[in-house]
Amino acid sequence: SSSQTILDEIYCIAWNGMMWIACGKKGVNYTAMYSYDGMNWISVSINNDFQAYDITWVNSSSGNSWITVGVNNSGNMVSYTSADGLNWNFISFLGTFSGTLKKIACNQYDVIAVGSGTGNNNCFYLSEGAWYSTGNFSQSSNSITWNGSEFIISTDSDGLYSLIDSSNIFEFTKINSYSSTTSNLVFSRITLPYSATYPVQG
């Protein structure tokens with residue numbers, strides 16, 4: 001590891017208690033790096049065609065792993081996962097979805113991602129190793145967080161929404177006090193083992 005391998009642009013970064021992973025761009029290639037101490041960074045390959053918007057460590061009843069989401073050069077939503085941060089595998093989607101996944105959040109049971117898709121395909125849930133669209137959320141979204149009882153989603157132009165999962169029946173409720181506003185980022189006051197931002201120029 002050396003300063004020669006530092007990313008030119010950092011799009012997202014996360015910590016799982018043992019290692020850091022940062023995703024971004026070096027030259028013309030999208031890439032990632034990992035570090036155990038935050039000082040010495042080593043390159044790791046995910047996919048040169050993949051621009052990551054968010055990365056998080058998922059600690060749920062279905063297992064523990066890194067998950068990153070974003071977009072490929074064809075303009076389609078893509079996602080990868082890794083148990084160790086070094087070896088990455090593609091997560092399939094039930095269908096092909098144009099647009100960008102921008103943010104991930106999870107609780108003990110659900111892993112949810114939101115972004116800017118088409119039609120009602122702006123919110124996705126992970127089930128049995130694949131992403132599925134909830135199929136009932138039309139708001140292009142920038143961020144999502146878990147607050148201990150429900151997911152909170154920030155949208156491009158329609159304020160905040162809450163999301164509750166009842167046996168894979170996803171119910172969205174508009175939070176009226178934040179209607180007709182644009183929100184780029186939403187955080188929970190609960191201490192969670194992951195965080196990320198987009199973008200940071202390096």
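The lining of the largest cavity is made up of seven nonpolar and four polar residues, with no charged residue among them. The model is predicted. It holds one cavity of 30 Å³ or more.

The nonpolar packing was examined next. In soluble globular proteins, nonpolar side chains tend to be buried together. Here the largest nonpolar core has 17 residues. Within this core, I21, C23, I46, F50, I55, W66 and W88 have the most contacts. Two or more core residues come from each of strand 1 (9–15), strand 2, strand 3, strand 5 and strand 7 (77–82). Strand 5 gives the largest share, four residues.

Strand 3 is mostly covered, with six of its seven residues buried. Strand 3 runs antiparallel to strand 2, and seven bridges join the two. In this pairing K26 stands opposite N29 of strand 3. The two strands form a hairpin with two residues between them. G27 lies in the turn and has a positive phi of about 65 degrees.

Strand 3 also pairs with strand 4 (residues 42–44), again in the antiparallel sense, over three bridges. Y34 has I42 of strand 4 as its bridge partner. This second hairpin has six residues between its strands. In its turn, G38 has a positive phi of about 80 degrees.

A further sheet is built from later strands. Strands pair through backbone hydrogen bonds, either parallel or antiparallel. Five strands form an open sheet in the order 9-13-12-11-10, and the pairing is mixed. Strand 9 (92–93) and strand 10 (100–106) stand at the edges. Each of these two has a single partner strand, so one side of each is left without a neighbour in the sheet. Inside the order, strand 11 (residues 111–116) and strand 12 (residues 123–127) pair in the antiparallel sense over three bridges. A113 stands opposite F124 in strand 12.

F124 also takes part in aromatic contacts. Ring pairs link F124 with F93, F97 and W131 into a cluster.

A pair of aromatic rings is described by the distance of the centres and the angle of the planes. The count comes to 15 aromatic pairs. One of them joins F137 and Y161: the ring centres are 5.3 Å apart and the planes stand at 80 degrees, so the pair is edge-to-face. This pair links distant parts of the chain, 24 residues apart. F137 sits in the loop between strand 13 (130–133) and strand 14 (141–146). Y161 belongs to strand 16 (residues 160–166). Both partners fall under the 20% cut-off for buried residues. F137 is buried, with a relative accessible area of 3%. Y161 is buried as well, with a relative accessible area of 11%.

Notes. Residues numbered from 1 in each chain as written. Predicted model: local features only at pLDDT ≥ 70, side-chain atom pairs only at ≥ 80, totals over all residues. Heavy atoms only, no water. 1 Å grid on protein atoms, 1.4 Å probe; cavity = no way out; pocket = protein on both sides within 12 Å on 5 of 7 lines; lining within 4 Å. Points joined across faces, edges and corners; volume = space filled by probe spheres on them. Nonpolar A, V, L, I, M, F, W, Y, C, P; charged D, E, K, R; others polar. Phe/Tyr/Trp six-rings, centres within 6.5 Å; stacked < 30°, edge-to-face > 60°. Buried < 20%, exposed > 50% of the residue type's maximum accessible area, 1.4 Å probe, protein only. Pairing = 2+ DSSP bridges. Core = buried A, V, L, I, M, F, W, Y, C linked by side-chain atoms within 4.5 Å.
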